[in-house]
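Hi,

Here is the model we talked about handing over. Please open it alongside this email; my notes follow.

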Amino acid sequence: MLADKPTAPEQDDYREELFGRFFGSLPENFKPCDIHAQVRAAFDFAYSAHYGVFRKCGDKIPYITHPVAVALIVANEIGLGVSSVVAALLHDVVEDCQDISRDDIQAAFGENIARIVEGLTKITNVYNAEQNAQSE
């Protein structure tokens, strides 16, 4: 199970600023307290899982910006609901973080979210396999 990783005060500030900007960009139907709590839990889980990991572009951009951007697309451009946004935040956690399993996602967020995350991982693996075949 994911253990809380220590964060520097600057990281805590960054976490809060990023969540504030992210949550503020979600549609109004995400604003009730119970939905806020679900989204916040997924954000915090993903943030802790990806803590210290940066995007491969070389600009020292924290990796968490990718799942946040995906979640915003899911909510704002595609118009999907809370479960999809939660799964979007978590979509790379199992694949990229060896200490986190599907069972951890299920325990924290339920079977439905775990299934969605698992499906997204399978889609990513198919897409990557096709890309590799085209590259060769």
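**What was found**

The protein has seven helices and zero strands (DSSP runs numbered from the N terminus: helices are H or I, at least four residues, and strands are E, at least two). This is a predicted model, where local features need pLDDT of at least 70, side-chain atom pairs count only at pLDDT 80 or more, and totals for chains, interfaces and linings use all residues. Residues are numbered from 1 along each chain as its sequence is written, and side-chain values use heavy atoms, with hydrogens and water left out.

Of the 136 residues, 34% count as buried (under 20% relative accessible area, 1.4 Å probe, protein chains only).

**H2 and H6**

Helix H2 (residues 33-49) and helix H6 (residues 102-109) have axes that come within 11 Å and cross at roughly 155°. Axes here are lines fitted to C-alpha atoms over the stretch in contact, with angles from 0 to 180 degrees between N-to-C directions. That makes H2 roughly antiparallel to H6 (angles over 145 degrees). On the H2 side, Gln 38, Ala 41, Ala 42 and Phe 45 make the contact; on the H6 side, Ile 105, Ala 108 and Phe 109 do. Contact means heavy atoms within 4.5 Å.

**H3**

Helix H3 (residues 65-77) has 13 residues, which at 1.5 Å a residue should span 18 Å; its end C-alpha atoms are 17 Å apart, so the two agree. The expected span is 1.5 Å times one less than the number of residues. Buried in H3 are Thr 65, Pro 67, Val 68, Ala 71, Val 74 and Ala 75. Gly 79 follows H3, with a positive phi near 80°.

Definitions and conventions:
Angles under 35 degrees count as roughly parallel, over 145 as roughly antiparallel, 65 to 115 as roughly perpendicular and the rest as oblique. Buried means under 20% relative accessible area, exposed over 50%, partly exposed in between (1.4 Å probe, protein chains only).
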